[in-house]
Structures are given as structure tokens and as C-alpha cells.
Amino acid sequence: MQFGRSYEEFEVGATYKHWPGKTVTEYDDHLFCLITMNHHPLHLDSHYAGETTQFGKNVVVGNYIYSLLLGMSVPDISGKAIANLEVESLKHVAPTFHGDTIYGETQVLDKWESKSKDDRGVVYVETLGYNQDGTVVCTFRRKVMVPKQNYLDARGGEQPGRPVPSEG
């Protein structure tokens with residue numbers, strides 16, 4: 001199974017559909033909120049959300065959805081990355097609720113070779129996250145530095161650093 005891509009494998013205009021999706025549970029949302037110290041009652045207090053907000057129920061914290069989509073994209077986009085350089089934009093387009101299933105896909109908008117090192121390049125991508133109904137909930141654009149094939153070959157190929165089993 002492929003895990004990330006070299007610079008040469010990215011094509012401008014290509015879209016990678018990340019699989020599988022993830023159903024967001026109340027536990028996922030609350031744990032992420034508590035770990036990150038986001039104690040906003042919209043995310044944690046169902047009575048508050050039900051009685052005082054336009055949504056009538058808890059809304060999943062947006063940074064969890066962003067993080068989920070970023071993680072979903074790793075096998076297709078940044079699994080071989082040297083560095084994530086920039087998140088240019090992040091838009092929360094619609095709310096996500098407990099029980100929604102999130103799917104993601106990433107399109108390659110552009111790519112260019114590094115000006116300082118000839119063994120790498122930058123890919124500019126946009127990730128789109130949507131729920132089970134196809135409603136877009138989150139989009140973000142980012143720039144990722146990825147290795148060229150010669151960088152990977154010099155470091156052990158597809159699985160650099162993997163040890164060889166020995167008996168004994």
C-alpha cells in the first residue's frame with residue numbers, strides 16, 4: 001500500500017479521494033475539546049446548545065474536523081513529506097454534528113521544484129471535507145514540501161529506516 005507520494009507522482013489537477021470516512025462521535029468531540037482545553041459550551045453542554053443556539057444541539061469543534069481531514073489526507077498527500085510549510089486558508093463552511101460521517105478529498109492545485117535544493121519540491125493542495133449528505137463542512141489550502149525520488153532512494157526507498165529481521 002502506498003503511503004504518500006514523491007514530487008514526481010503528483011499531477012496538477014489530480015484529485016485524491018481519501019478512504020475511509022469517519023463517523024464523528026460525541027466522545028471524539030468531547031475528548032478533543034478537553035485535550036485542547038476548548039471548554040466552549042456549544043461543544044460540551046447539550047442543554048446549553050439545545051436551548052440557546054440556532055443549531056439546537058452540540059456542534060463538533062471545527063479544529064477536530066480540520067485535524068481529522070488532515071489525518072485522512074496523509075496516506076495520499078503528506079505520507080512522505082519533508083515538511084508541512086503553510087496552511088494558507090481554513091474555512092469552516094457548515095457545522096458538523098455528532099453522528100455525522102466525514103469524507104475528504106484533496107486536489108493538487110500547483111507544484112514547483114525547490115529553488116534551494118534539487119531533491120525536493122512543493123505541492124500546493126486544497127482539501128475538501130464533506131458529510132454523508134455531500135454537504136461541504138470544511139476546506140483548507142496548504143503547501144507541503146515533498147521529496148523527489150532521488151531523495152527517497154538515497155535514504156532507503158519506500159520504507160526508509162525499516163530494519164531487516166534477524167534471527168537470534
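How many bridges join strand 4 to strand 5, and in which sense do the two strands run? In this predicted model, strand 4 is joined to strand 5 by 11 bridges, and the two strands run antiparallel; two strands are said to pair if DSSP finds at least two bridges between them. The model being predicted, local features are reported where pLDDT is at least 70, and side-chain atom pairs count only at pLDDT 80 or more, whereas totals for chains, interfaces and linings use all residues. Residues are numbered from 1 along each chain as its sequence is written, and side-chain values use heavy atoms, with hydrogens and water left out.

The protein contains five helices and five strands, where helices (H or I, at least four residues) and strands (E, at least two) are DSSP runs numbered from the N terminus. Read from the N terminus on, the elements follow the order β-α-α-α-α-β-β-β-β-α. The C-alpha trace spans about 60 × 50 × 25 Å along its principal axes. Of the 168 residues in the protein, 39% are buried; buried means under 20% relative accessible area, exposed means over 50%, and partly exposed lies in between (1.4 Å probe, protein chains only). The accessible surface of the protein amounts to about 9600 Å², and carbon and sulfur atoms account for 51% of that area. These areas come from the Shrake-Rupley method with a 1.4 Å probe, and for residues only the protein chains shown count as cover. Among contacts (heavy atoms within 4.5 Å) between residues at least 6 apart in sequence, 70% join residues at least 24 apart.

The pairing of strand 4 extends to strand 3 as well. Strand 3 and strand 4 form 10 bridges in the antiparallel sense, and a hairpin of six residues joins strand 3 to strand 4. Within strand 4, Tyr124 stands opposite Asp110. Towards strand 5, Glu126 has Arg141 as its bridge partner. The hairpin of strand 4 and strand 5 has five residues between the strands, and in this hairpin Gly134 takes a positive phi near 90°. Strand 4 is mostly covered, with eight of its 11 residues buried. In general, the side chains of a regular strand alternate between the two faces of the sheet.

Helix 4 comprises residues 62–78 and bends by about 40° at Met72, with a proline, Pro75, following within four residues. The bend at a residue is the angle between axes fitted to the seven residues ending there and the seven starting there. Met72 is itself one of the buried residues of helix 4, which also include Tyr64, Ile65, Tyr66, Leu68 and Leu69. The buried residues of this helix pack against strand 1 (15–23), helix 1 (26–35), strand 2 (83–92), strand 3 (101–113), strand 4 (120–130) and strand 5 (136–147).

Ile77 is another buried residue of helix 4. Ser89 and Ile77 are 12 residues apart along the chain, and their C-alpha atoms are separated by 17 Å. Ser89 is found in strand 2 and has a relative accessible area of 22%, so this serine is classed as partly exposed. When residues up to four places away in sequence are not counted, Ser89 touches Thr139, Phe140 and Arg141.

The peptide bond from Trp19 to Pro20 is cis, with omega near 0°, and Pro20 lies in strand 1. Met37, a residue other than glycine, has a positive phi near 60°. This methionine lies in the loop between helix 1 and helix 2 (41–44) and is exposed, because its relative accessible area is 64%.

Two further residues are buried. Ser6 lies in the segment before strand 1 and counts as buried because its relative accessibility is 1%. Apart from its neighbours within four places in sequence, Ser6 is in contact with Lys80, Pro147, Lys148, Gln149 and Leu152. His30, in helix 1, has a relative accessibility of 18% and therefore counts as buried. With neighbours within four places in sequence left aside, His30 is in contact with His43, Leu44 and His98.
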